[in-house]
Amino acid sequence: NSWAYTPDSPWPDYDPAAAQALLTTVNLEAPADDGEAPAEEGETATAEDGENTAMTGAPEEFQRPASPFEFSLLVANNPALIALVNDIANAWGELGFTVRIEVADMTTLHNRLDTGNFDAALVEFSFAPNADPDPYVFWHQGQVGVGQNFGAMNDLRISEALEQARRETLGINRALLYTEFQELFAERAAALVLYYPLYTYGVDARLQGVQLGYLSSASDRFRTLRDWTFISAE
């Protein structure tokens, strides 16, 4: 329900057969160490403590898998999320990957996200308490180490789009900039966005004028409370 959402962004289709075919065409072996510092190119990033859920990758310097087809997946000690990562690990396993699941308490999870000490992580994130869907803190290159750009996403075009959207005062121009961001996000595969939760609220049949817009937190459903009225008893 966000005004900034672009439904026709080029998100990839779920196609395990195509994924398997593509894996046969790429070289996943790490390049030989020639003594030069690695290029500053972020892999993926994430955000924490909220509603949206995504699987993200860590900065390259922390990734030391035994083989290019093996990685660990960090997750909070939450039964629902643990069940989800088991399904994810099985899906990756069908493509020939070995996924080691690492369960951590929230303090450890936050510390490891802050330091980039993970291969990939499953996290929930939210824009709360702001109703404006501004993803600057999650994906801007200047938020590495100081914000919630835990995966060190370092993309100039994404950062510029987010900066301009923050400064722009006209809603139509902001929507265009966020459309550009979503297209770049899908193209770069900044993270694997898994789902957005669906919440159902019950309302008394006598209550009129209830409207729901963008919800960044559960309390946002009361934003139009002043317009709610009860039908008078006859």
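This is a short talk through one protein model, from its overall layout down to a few residues.

So, first the housekeeping. The model is predicted, so local features need pLDDT of at least 70 and side-chain atom pairs count only at pLDDT 80 or more, while totals for chains, interfaces and linings use all residues. Residues are numbered from 1 along each chain as its sequence is written, and side-chain values use heavy atoms, with hydrogens and water left out.

Okay, the layout. We have six helices and seven strands; these are DSSP runs numbered from the N terminus, H or I of at least four residues for helices and E of at least two for strands. Along the sequence the order goes α-β-β-α-β-α-β-α-α-α-β-β-β. Of the 234 residues, 37% are buried, meaning under 20% relative accessible area with a 1.4 Å probe, protein chains only. Now contacts, which are heavy atoms within 4.5 Å: among those between residues at least 6 apart in sequence, 71% join residues at least 24 apart.

On to strand 4, residues 120–125. Five of its six residues are buried. Strand 4 runs parallel to strand 2, residues 70–76, and two bridges join them; for strands to pair, DSSP has to find at least two bridges between them. Leu-74, for instance, has Ala-121 in strand 4 as its bridge partner.

Next, the helix pair I wanted to show you. Helix 5 (156–167) and helix 6 (171–188) pack at about 160 degrees, axes 9 Å apart. The axes are lines fitted to C-alpha atoms over the stretch in contact, and angles run from 0 to 180 degrees between N-to-C directions. That makes the two helices roughly antiparallel, a label for angles over 145 degrees. On the helix 5 side, the contact includes Ile-158, Ala-161 and Leu-162, and on the helix 6 side Leu-177, Phe-181 and Leu-184 are among the residues they meet. The whole set of contact residues divides into nine nonpolar, one polar and four charged.

Which residues does Arg-174 touch, beyond its neighbours within four places in sequence? Trp-3, Asp-132, Ala-165 and Glu-168. Arg-174 sits in helix 6, and at 13% relative accessible area it's buried.

Last one: Ala-190, in the loop between helix 6 and strand 5 (192–195). Is Ala-190 buried or exposed? Buried, because its relative accessibility is 1%.

Technical notes:
Angles under 35 degrees count as roughly parallel, over 145 as roughly antiparallel, 65 to 115 as roughly perpendicular and the rest as oblique. Ala, Val, Leu, Ile, Met, Phe, Trp, Tyr, Cys and Pro count as nonpolar, Asp, Glu, Lys and Arg as charged, and the others, Gly among them, as polar. Buried means under 20% relative accessible area, exposed over 50%, partly exposed in between (1.4 Å probe, protein chains only).
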